[in-house]
Each structure stands twice: as structure tokens, then as C-alpha cells.
Amino acid sequence: MSDDRNSPNRFNEEKAAYAVRGGGDVPDLAAGVAAIRNVLKTLPARPGVYRMHDARGDVLYVGKARALKNRVTNYTQVDRLPKRLQRMVAQTRSMTIVTTNNEAEALLLEAQLIKRFRPAYNVLLRDDKSFPFILLRADHDFPRVQKHRGARRAKGNYYGPFASAGSVNNTLNALQKLFLLRSCTDSFFRMRDRPCLLYQIKRCSAPCVGRIDQAGYAELVGDAKDFLGGKSTKVQTKLGAQMEAAAANMDFELAAVLRDRLKALTFIQGSQAINAEGVGDADVFALACKDGTMGIQAFFIRGGQNWGHRSFFPAHTADVPEDEVMTQFLTQFYEEVPPARTILLDRDLAEGALLTEALGERAGYKVALSVPQRGDRRRLMEQAKRNAVEALDRRLAESTTQAKLLREVAELFELAEPPDRIEIYDNSHIQGSAAVGAMVVAGPEGFRKGQYRKFNIRQAATDDDFGMMREVFSRRFARAQAEDPDRDAGDWPDLVLIDGGRGQLNAVKGVLEEMGIEDVCLVGVAKGPDHGREGHEVFHLMDGRELTLPVNAPVLFYLQRLRDEVHRFAIGAHRAKRAKAIGASPLDEVPGIGPARKKALLMHFGTARSVRGASLEDLQKAPGVSAMVAQQVYDFYHSR
């Protein structure tokens with residue numbers, strides 16, 4: 001009896017079953033299978049990573065395999081695939097294959113590509129904020145302690161990750177109280193001739209003015225390393241002994257200082273919300289699932305101390321097994337964060353051995369995954385599981401409220417359905433200087449911070465708010481037309497809010513009409529007759545109407561929150577641009593002048609104006625400046 005699983009009749013049945021939402025074209029399942037089979041002809045049975053692309057070349061899915069040929073063959077057996085993957089196959093038109101030396105390498109590469117392309121059919125870690133660390137620098141005689149994010153280029157000891165900026169700030173405050181380490185920059189350190197305020201409030205030992213010698217400061221640094229390394233009991237014993245010795249020597253002032261430091265340490269030890277004593281270094285993860293939504297709770301334990309916890313809610317988890325969600329989450333989470341040597345999970349993973357190998361290979365040390373069964377670790381896991389369930393319940397409650405608010409927004413502005421993507425725009429400048437435009441994005445799940453954009457104003461007069469708004473919208477929607485002309489990538493807004501009144505709204509409306517875009521709902525948000533008073537906003541609609549809302553309306557609070565977020569983002573972008581402009585130098589425009597030569601010229605001549613007026617002979621006398629560079633500088637200022 002012949003096998004008709006992949007027969008044309010079956011493909012026609014599948015095509016009929018998968019109409020695209022909104023009445024679009026029917027995905028061609030037969031074409032998708034044919035594209036995959038075409039790749040299979042030359043596919044090796046080796047480890048590697050595959051990417052599936054749609055007709056436009058966008059990545060639909062990234063997967064890894066121990067044997068690529070065997071894994072990809074499964075996609076041609078459509079009746080054995082879940083509905084989610086059948087839809088994916090129906091959209092597939094091409095594939096990209098990358099082979100690796102082993103499956104562990106494939107797992108690491110898969111995580112990198114998922115983070116880069118964010119495919120629609122992969123489980124995604126929906127958290128693009130980097131984790132903060134504490135950096136105890138080692139490039140100075142008196143090391144500085146500071147908060148750090150990003151690449152680890154500076155020489156020193158890194159401690160983390162911390163779950164939030166609040167967690168790391170609390171620990172930094174503790175370090176200042178306990179060990180009196182400096183937090184100032186090296187330039188500030190060099191310029192001091194008397195102690196700063198931190199010394200007066202007993203949060204710094206003032207090494208800048210010699211109030212402590214290098215040996216004494218090194219001892220404080222050693223104590224701080226012990227504390228951050230989990231040896232807080234050793235530090236407590238040492239401080240207690242020093243306090244008793246000072247009291248015995250009648251040095252009551254020193255004894256009082258040591259008493260305060262000991263009290264701060266005791267307070268920190270007692271304020272841990274999670275009892276992690278005896279756990280050492282560990283990352284703890286527990287998963288909860290309800291109504292098709294999954295949440296993962298993470299605890300970060302270092303040296304038996306709780307360094308904070310965070311909840312994650314991965315995207316695209318519908319119809320995906322919990323085991324696979326946890327595996328995908330961990331590979332993406334540890335893409336940038338170094339793993340603890342021990343990772344505690346609430347379940348065994350089918351690919352746990354492979355994940356252990358991959359994480360150890362990336363970290364450069366042995367990493368162990370385990371499911372605690374008893375003792376302190378089991379109690380810690382139970383606490384993580386309880387927190388995961390509670391966080392997911394809060395998330396679902398917030399989602400219900402958010403859905404209700406979006407329905408009210410749709411009714412207020414007469415949209416066909418609740419908006420999935422809301423874009424909010426604002427400009428920020430000071431009398432036309434350092435002008436920037438800002439766009440923030442919100443949706444049913446809240447703010448999508450990874451999609452925020454800022455626009456440096458290039459063409460419009462920087463004292464013309466209408467012109468700046470026109471430039472922002474022309475650039476934003478010209479790009480949208482070029483990159484997503486069919487509007488099926490989810491990058492076109494369902495609703496646009498503009499911070500401003502009728503003038504800004506008309507300026508934007510004219511730009512979009514010139515571009516042939518007439519179906520985007522635009523709303524201007526003005527502060528009304530009582531300028532500056534919350535609750536009196538006036539909403540300007542495209543047809544000329546104006547709406548106001550009761551001051552206690554929940555939908556008004558929601559729209560105010562959107563407006564305030566774009567304010568915050570716009571002002572932050574403006575301040576960053578202004579700070580960069582303040583630090584700029586006219587020498588930055590001279591070709592061939594890097595930081596070292598610019599510094600040499602300024603040290604020799606004093607000011608950029610003196611460099612500009614210097615003769616060629618004088619320029620050649622500056623240390624570190626060759627004859628060729630001197631000629632470049634001279635020609636730049638005297639070419640006319």
C-alpha cells in the first residue's frame with residue numbers, strides 16, 4: 001500500500017487549512033516542502049545550524065542538529081509536525097546551512113543567530129537589557145569600585161551578574177560603607193587637593209589626599225574581594241577583632257568607625273530576601289506555565305549572597321514543550337552573561353548534557369546542571385518555583401488589564417481592533433541646539449524598548465518643531481516603505497501618538513500624504529488650556545475633532561504613561577547628544593588626528609584656537625607630531 005502522506009491531495013488539504021489571518025494569501029505548503037527537499041539533495045549528515053527563510057528572505061526559524069540531513073528531513077513529513085511548524089514550512093522558500101565541528105558548537109551558534117535575527121517561530125528571550133556587574137579595577141594604585149555594563153575591556157575583577165541596577169547600587173553602597181573604597185574617576189582623583197563629601201560622610205577613605213596609604217588601601221581592597229567572594233563571615237570576624245583592639249587601646253573614635261562598619265555588614269547579611277547560605281555560586285531557574293503563557297524566575301547567588309532575582313517571559317512559546325522552552329531560554333540567556341559553575345533547575349532537560357558541554361566550552365570552566373532534591377538547595381528551588389508562579393499570575397493580571405485598556409483606546413480613536421503596535425513621537429532640544437527626535441513603541445505586552453529609535457535632526461531648522469517632526473516622519477516611513485512594503489513584518493503602527501497639538505498633527509499628516517500613506521491613524525496629544533496640568537490633555541484627531549477625557553479615566557492614565565515615556569526617552573537622547581557636543585573639540589574635524597595627537601597638540605599649544613593659528617614650523621615642534629601630520633593640520637586650517 002503506497003504512502004500518501006506527501007501526496008498533492010494532502011498538500012491541497014493543508015493549504016485549505018492555513019489561511020493567513022486577515023484574509024491574505026494562502027501559504028503554499030507544497031512549495032515549502034519542495035524548497036526543503038531541494039536543500040536536502042546536498043545536505044550532509046553532520047552537526048550544524050539551519051535557517052529557514054520566507055519569500056522575502058526574512059528568517060522564520062533557526063535550528064540546530066546533530067545530523068543536519070536527518071533533522072531537516074523531518075520537515076518534509078508534514079503530517080507529523082505540530083500546527084505551528086506546519087505553518088512555518090508553508091512559508092519557507094529557502095534555507096541557509098552552516099556546519100559545525102560538533103553539536104555543542106551548533107547549540108552556541110543557534111543562540112547567537114536567534115538573538116541576531118529574532119525569528120518568528122523560535123522561542124525568544126524577551127529581555128534586551130544587559131545585566132550590571134561590579135568592577136573592582138586593577139589598573140591603579142588605589143583601585144576604583146564601580147558599576148559596569150557591556151564588554152569587559154577594563155582590567156580588574158568583575159562580580160555579577162546582578163539582577164537589576166537597584167541590586168548593584170545597594171551592593172555598591174554597602175562596599176562604600178564597609179570598605180571606604182573610592183568610586184570617583186581617575187581624573188577627579190588626580191585633581192583633588194582636599195577630601196570630598198564622601199569622606200565626610202564616612203564612605204571613602206580619601207586616598208586622593210593621602211588620608212590612607214597604599215598598603216592600608218590594599219587591605220581594604222582585599223576585604224572587599226573577600227566580601228564579594230562570599231567570605232563575609234571572615235570580614236565580620238576581622239572587623240570585630242579590630243574594634244575590640246581599638247577599644248582596648250582607648251581609641252574610641254576608631255572603635256566607633258569600626259562599629260558602624262560592622263553594623264552595616266550585619267544589616268546587609270540580615271536583609272537578604274532569600275536564604276542562600278551554603279549554596280555558594282549558583283544561578284537558579286524555575287518555570288511556571290498557565291493559560292499558554294510561560295514565566296521563568298531567576299535567582300543569582302554568589303558566595304552565598306543573593307544578588308537579586310528577575311522574572312522572564314519568553315515569547316513564541318505556544319505549543320512548545322516546557323523542556324524545550326527552558327533549554328532555549330538558557331542558551332540565549334548565557335549568550336552574554338557568564339554562567340555560574342552550578343546551575344540549579346526545577347526539571348531535568350533532555351539536552352542537559354549537551355547544554356552543560358556548550359556552556360562549559362563558552363565559559364572556559366566546568367559548568368554543572370542539577371535538580372536539587374534536598375537541603376538548602378531544595379528549599380531555594382521551592383522558593384524560586386513559588387516566585388515563578390506568583391510572577392506569572394501578576395503578568396496575566398496585567399495582561400488582562402492591558403487588553404482592556406487597548407480595547408478602550410480602539411474605541412476612543414475608532415480603530416477597527418485593539419492596536420498591536422503604538423508608536424509615540426516627540427522632539428527635544430534647547431533653543432535649537434542638540435536637537436533629536438524620539439520614537440517609542442508599545443504593544444499588548446508593554447513597552448518594546450528594543451524597538452525605540454532616536455533621530456538626529458539633520459535637515460530641518462532646529463528651531464522649527466514642525467519641520468523637525470516632518471523630518472522624523474519622512475525618514476521613519478520612507479524606511480518602512482522600503483523594508484516592509486507589504487506591511488506583514490509587524491513594523492507598521494496601528495496607532496501613532498504625536499506630542500503636540502494641531503500644528504504638529506497637520507505637519508505629519510502632510511508628510512504621510514505626500515508619501516501616499518493615508519491609512520495610519522494619527523493623534524496629537526496636547527496639554528490643553530491649563531498647560532502643564534495633568535488630566536487636561538486634548539487629543540486632536542485627523543478629521544479636526546478634539547477629545548478630552550475625565551481626569552480619572554484609566555485610558556487617560558495609560559495615554560499619559562505613553563506620552564511620559566517618549567518624553568523620558570527624548571530628553572535622555574538630547575542630553576547624551578549635548579554632553580557629547582560639550583566634550584567635542586575643533587580638532588576632531590581634522591583628518592588624521594586621533595586622540596593621542598589631539599592631546600599632544602592641546603598640551604603643547606594650550607587651546608584649539610592656538611593650534612589653528614600656529615605656523616607650520618611651530619606645529620612640527622609639538623611632541624609626537626610628525627612633519628606629515630603637521631602639514632595636514634596646517635593645510636586643513638589654511639587651505640583657503
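Mentor: Helices (H or I, at least four residues) and strands (E, at least two) are DSSP runs, numbered from the N terminus. The model is predicted: local features need pLDDT of at least 70, side-chain atom pairs count only at pLDDT 80 or more, and totals for chains, interfaces and linings use all residues. Residues are numbered from 1 along each chain as its sequence is written, and side-chain values use heavy atoms, with hydrogens and water left out.

Arg302 counts as buried because its relative accessibility is 7%; buried means under 20% relative accessible area, exposed over 50%, and partly exposed in between (1.4 Å probe, protein chains only). The side chain of Arg302 has a polar contact with the side chain of Asp283, at 2.9 Å. It also reaches the backbone oxygen of Ala282, at 3.2 Å. A polar contact is a pair of N or O atoms within 3.5 Å; within protein, one must be able to donate a hydrogen and the other to accept it, and residues adjacent in sequence count only if both atoms are side-chain atoms. Setting aside neighbours within four places in sequence, Arg302 is in contact (heavy atoms within 4.5 Å) with Gly160, Pro161, Gly280, Asp281, Ala282, Asp283, Trp307, Pro338 and Ala340.

Consider next the whole protein. Its secondary structure comprises 21 helices and 19 strands, and buried residues make up 46% of its 640 residues. Of the contacts between residues at least 6 apart in sequence, 61% join residues at least 24 apart.

Helix packing can be followed in two pairs. Two packed helices are described by the angle between their axes and the distance between the axes. Axes are lines fitted to C-alpha atoms, for helices over the stretch in contact, and angles run from 0 to 180 degrees between N-to-C directions. The axes of α2 (residues 29-40) and α4 (residues 83-91) come within 6 Å and cross at roughly 75°. This makes α2 roughly perpendicular to α4, a term for angles of 65 to 115 degrees; under 35 counts as roughly parallel, over 145 as roughly antiparallel, and the rest as oblique. Leu29, Gly32, Val33 and Ile36 of α2 meet Gln86, Val89 and Ala90 of α4. In the second pair, α5 (residues 103-117) and α12 (residues 322-333) pack at about 80°, with axes 9 Å apart, and are therefore roughly perpendicular to each other. Leu107, Glu110, Ala111 and Ile114 of α5 make this contact with Gln328, Thr331 and Gln332 of α12.

Finally, helix α16 (residues 502-514) has 13 residues and spans 18 Å from its first C-alpha to its last, close to the expected 18 Å; the expected span is 1.5 Å times one less than the number of residues. Gln504, Leu505, Ala507, Val508, Val511 and Leu512 of α16 are buried. They lie on the same side of α16, because they cover an arc of only 165° around the axis; the arc is that of the directions from the helix axis to the C-beta atoms. These buried residues pack against α15 (465-483), β16 (495-499), β17 (522-526) and β18 (538-541). After α16 comes Gly516, whose phi is positive, near 80°.
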